[in-house]
Amino acid sequence: MNIKIDRFGNQKALTYSHFCKYACSEEVPELQDMGGPVQGGFSVAFDPLDGSSIVDTNFTVGTIFGVWPGDKLTGVTGRDQVAAAMGIYGPRTTYVLALKDVPGTHEFLLLDEGKWQHVKETTEIVEGKLFSPGNLRATFDNPEYNKLINFYVKEKYTLRYTGGMVPDVNQIIVKEKGIFTNVTSPTSKAKLRLLFEVAPLGFLIEKAGGYSSDGTQSVLDKVIKNLDDRTQVAYGSKNEIIRFEETLYGSSRLKEAVPVAA
């Protein structure tokens, strides 16, 4: 059933945009020529239904997509995106959108009459004790991740985790606080795809004033070498990402250096 649902959310509509050169779906990770131009055109990578495994439990699910200029979806980075968005299908139907040259990340609400209303602009992610810890099985043989999770529990962070990446990341943007983590270990490998999920959501988070990390760098600076590249990731406020990097790897690129006394 999940496969059928994913296929239902397909790329055919992109053909009629006349500006899409290539489309690539997480469900079929191959470039599909949509007939648009290379010069002045765009290529789109998307996950048609993030959370398809929790559809039968009636949890919130969503769609993720990133837009790159031209005809390349490999040899590029998430920072090269010109736009990214996610659709959230829950008690409300909303779309969260960010454009390269427009400040902030913007939420639109689908009204009963079928129109979209702009309801929120997010430009800052602040501190707040809210955590969404993915891939907890990695804590078994990743002691640093286990230490991080224990910190959240000890400090009485509020747990808000659904198992769907879209709702768990969306709450950071809507509530303007929190941390999402999905960490790997020797026996629990990376599952999240850089092109289809991690980079587009990283674009939304960073445009909203938040930060992203794979442990040592922003996920937007990771070169997408293959369509199926996978990675660990964290999204959140600056201090949460500093804590994430320091706990897992001993230092953070975001922490200001202390001046050396003369």
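Which residues does T77 touch, not counting residues up to four places away in sequence? In this predicted model, the residues in contact with T77 under that condition are W68, L220, D221, K222 and V223. T77 itself is found in strand β5, which spans residues 76–77, and its relative accessible area is 15%. Because buried means under 20% relative accessible area, T77 counts as buried. Among the residues that T77 touches is L220, and the side chain of T77 reaches the backbone oxygen of L220 at 3.4 Å.

Helix α5, formed by residues 194–207, is likewise described by its burial, since 12 of its 14 residues are buried and the helix is mostly covered. The buried residues of α5 are L194, L195, F196, E197, V198, A199, P200, L201, G202, F203, L204 and I205. After α5 comes G209, a residue whose phi is positive, near 95°.

Charged side chains were examined next, and a search of the whole structure finds 14 salt bridges. One of the pairs joins K120 to E176, with the closest N and O atoms 2.8 Å apart. K120 belongs to strand β9 (residues 116–122), whereas E176 is placed in the loop between α4 (165–175) and β12 (177–182), so this pair ties together parts that are 56 residues apart in sequence. With a relative accessibility of 25%, E176 counts as partly exposed.

A salt bridge is also formed by R253 and E245, whose closest N and O atoms are 2.7 Å apart. The two partners fall into separate accessibility classes, for R253 is partly exposed, with a relative accessible area of 38%, while E245, at 1% relative accessibility, counts as buried. Beyond this pair, salt bridges that share partners join E26, R193, D228 and R230 into one network.

Within that set of residues, D228 forms a salt bridge with R230, and the closest N and O atoms of the pair are 3.3 Å apart. D228 is partly exposed, having a relative accessible area of 36%, and R230, with a relative accessibility of 36%, also counts as partly exposed.

Definitions and conventions:
Residues are numbered from 1 along each chain as its sequence is written. This is a predicted model: local features need pLDDT of at least 70, side-chain atom pairs count only at pLDDT 80 or more; totals for chains, interfaces and linings use all residues. Side-chain values use heavy atoms; hydrogens and water are left out. Buried means under 20% relative accessible area, exposed over 50%, partly exposed in between (1.4 Å probe, protein chains only). Helices (H or I, at least four residues) and strands (E, at least two) are DSSP runs, numbered from the N terminus. A salt bridge is a side-chain nitrogen of Lys or Arg within 4 Å of a carboxyl oxygen of Asp or Glu. A polar contact is a pair of N or O atoms within 3.5 Å; within protein, one must be able to donate a hydrogen and the other to accept it, and residues adjacent in sequence count only if both atoms are side-chain atoms. Contact means heavy atoms within 4.5 Å.
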